[in-house]
Amino acid sequence: MTETGRRRKVIIAGGGTAGWMTAAAMGKVLRDVVDVTLVESEMLGTVGVGEATIPTLVTYNRLLRIDEAEFMKAVRGTFKLGIAFENWTDIGHRYIHSFGVTGKDHWTAGFQHFWRRGREMGVAKDFGEYCLELVAAERERFAHLPDFGLNYAFHIDSAAYAAFLRKIAEAHGVKRKEGIIKDVQLTDDGDLKSLEIDDGSRLDGDFFVDCTGFRALLIGEALGVGYDDWTHWLPCDRAIAVQTQSVRAPVPYTRSIAHGAGWRWQIPLQHRTGNGIVFSSRHLSEEEGKDLLLSSIDGDVLTEPRVIRFRTGARRAQWRRNCVAVGLSSGFIEPLESTSIHLIQRSVMRMMQMFPPGGVKQADIDEFNAQTFYELEHIRDFIILHYHLTNRTDTAFWRSCRNMDIPDTLKHRLALFGQTGRVFRANDQLFAENSWTQVMLGQGLTPKAHHPVADVMSADEIASFLDHIDDNVQRTVAGLPSHETYLNTYCPYTASA
Ligand SMILES: Cc1cc2nc3c(=O)[nH]c(=O)nc-3n(C[C@H](O)[C@H](O)[C@H](O)COP(=O)(O)OP(=O)(O)OC[C@H]3O[C@@H](n4cnc5c(N)ncnc54)[C@H](O)[C@@H]3O)c2cc1C
């Protein structure tokens with residue numbers, strides 16, 4: 001513990017996406033109050049995945065004043081307007097969860113109520129047709145529009161992203177130490193005191209950030225914080241990742257394709273494609289998973305398929321004593337909605353908002369943990385939704401997902417939407433009404449009713465309201481360049497970048 005007024009020594013253990021995101025932000029924002037050292041081991045490496053993001057990363061980049069075109073070139077990035085879910089509801093079915101707003105809400109009722117009325121009248125197209133981002137994604141078009149008119153995220157090369165952040169962090173005074181942490185020393189009252197490195201050196205710190213990934217060396221091993229297991233809701237526990245040469249122009253969306261025991265991803269970058277399969281090892285062996293992945297991908301394989309074992313769940317405390325867990329050390333929901341990098345960003349921002357002026361205060365710890373849990377549980381429910389709300393009964397995996405008992409919070413959401421078409425976003429929850437609506441409709445839940453305010457409009461008014469939105473979407477999308485053309489002018493990747 002430290003007295004107010006002295007520069008704090010912050011030690012970041014681990015240099016994956018979590019470590020370097022933390023280091024870049026701390027270096028840039030808290031440079032005058034902290035000395036930051038990051039220790040990582042090239043020999044141990046990083047998890048090496050985590051390439052699809054959500055729009056909040058645009059905000060993170062802006063906060064750190066990162067030039068977006070430079071960032072995109074460095075990470076060989078492409079733009080992402082949403083995720084296409086294939087075979088999730090039924091084999092052969094497909095929908096997109098886009099980052100956009102669909103239609104136009106009234107303050108009493110979301111657009112889905114007016115759309116439902118239009119559907120009953122036979123004048124409404126598919127729900128997604130009223131969303132600019134979704135239609136642009138389908139037509140593979142992209143451009144920045146004025147006033148943040150298009151909501152987007154990025155596909156990034158995770159190794160290149162860590163290297164990019166490292167440059168920012170080091171330019172802002174963060175020191176990097178290469179080595180393997182061999183031991184962790186505690187003070188007499190149980191706080192973290194120092195890390196012993198395999199070259200015989202020691203790193204003393206006042207405040208520690210555990211970014212050691214699934215190893216959780218500080219928060220788990222040294223401080224003994226347990227882990228809540230969520231595999232009864234989120235049964236996938238294996239992934240196999242492989243990179244391939246691209247065989248076509250990059251699409252501006254992530255593909256998530258369900259199979260008999262989980263799903264697989266396809267993430268297009270400028271210089272290659274990231275692929276992976278996620279599955280439940282109780283339903284598919286690693287050998288079968290590898291065969292399934294290799295038989296489903298296009299393009300020449302560039303890397304050896306790599307197995308990643310994980311357990312979905314959350315660390316029981318994200319902050320304990322003078323240690324905050326960020327990234328995979330803090331838990332892992334699973335990559336279906338690309339939320340992990342977002343959660344890293346949220347933890348980093350929260351940690352900086354609550355950075356202790358002197359010694360660590362229990363009230364800060366409690367607040368941090370409460371906010372983080374609230375956020376995690378909301379995201380957890382959203383992911384469970386995709387597995388549970390399915391018509392698939394073709395395999396034991398899908399039958400067990402359909403029949404599993406889900407959290408009460410999610411039960412309530414499904415009942416509310418199913419009976420009334422209503423969706424509410426509480427406080428600061430990540431997924432807004434339109435995300436829930438798109439996925440619930442996409443997974444086959446159609447509301448039994450709509451708000452009476454939608455009946456106040458005449459049939460002609462409903463039809464022209466829907467046509468007007470549709471016209472705007474079509475006109476705007478028609479004016480956008482192709483995603484590939486835009487990448488080639490805005491942020492072309494060159495091998496020297
Ligand atoms: C299959 C899969 C797919 C994913 N896809 C996405 C996605 O699309 N989008 C998304 O947002 N997230 C995704 N994630 C999550 C994402 O990969 C992680 O959140 C992100 O990479 C951060 O990882 P990390 O930095 O916590 O851990 P790691 O990358 O594992 O880094 C750990 C660091 O700690 C160091 N370290 C560990 N032990 C020691 C030691 N003893 N001494 C010194 N250093 C040590 C390692 O060398 C490394 O530098 C995915 C995860 C998985 C498993």
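Reader: In which strand is Thr-254 found?

Author: Thr-254 is found in strand E14, residues 254-259. Strands (E, at least two residues) and helices (H or I, at least four) are DSSP runs, numbered from the N terminus. This is a predicted model, in which local features need pLDDT of at least 70 and side-chain atom pairs count only at pLDDT 80 or more, whereas totals for chains, interfaces and linings use all residues. Residues are numbered from 1 along each chain as its sequence is written, and side-chain values use heavy atoms, with hydrogens and water left out.

Reader: Why is Thr-254 called buried?

Author: Buried means under 20% relative accessible area, exposed over 50%, and partly exposed in between (1.4 Å probe, protein chains only). Thr-254 has 5% relative accessibility and therefore counts as buried. Contact means heavy atoms within 4.5 Å; leaving aside neighbours within four places in sequence, Thr-254 is in contact with residues including Ala-52, Lys-80, His-155 and Gln-266.

Reader: Which domains does the assignment give?

Author: Domain bounds come from an automatic or database domain assignment. For the protein chain, that assignment gives domain 1 (8-51 + 157-231 + 312-360) and domain 2 (238-309). Nine residues of domain 1 and 13 residues of domain 2 take part in the contact.

Reader: How much area is buried between domain 1 and domain 2?

Author: About 890 Å² is buried between them, and carbon and sulfur atoms give 56% of this area. Buried area is the accessible area (1.4 Å probe) that two parts lose on being put together, summed over both. In domain 1, Val-49, Glu-51 and Asp-157 lose the most area to domain 2, together 47% of what that side buries.

Reader: What makes the pair Arg-272 and Glu-51 a salt bridge?

Author: A salt bridge is a side-chain nitrogen of Lys or Arg within 4 Å of a carboxyl oxygen of Asp or Glu. The side chains of Arg-272 and Glu-51 meet at 3.0 Å, N to O, in a salt bridge. Across the interface of domain 1 and domain 2 the rule finds two salt bridges.
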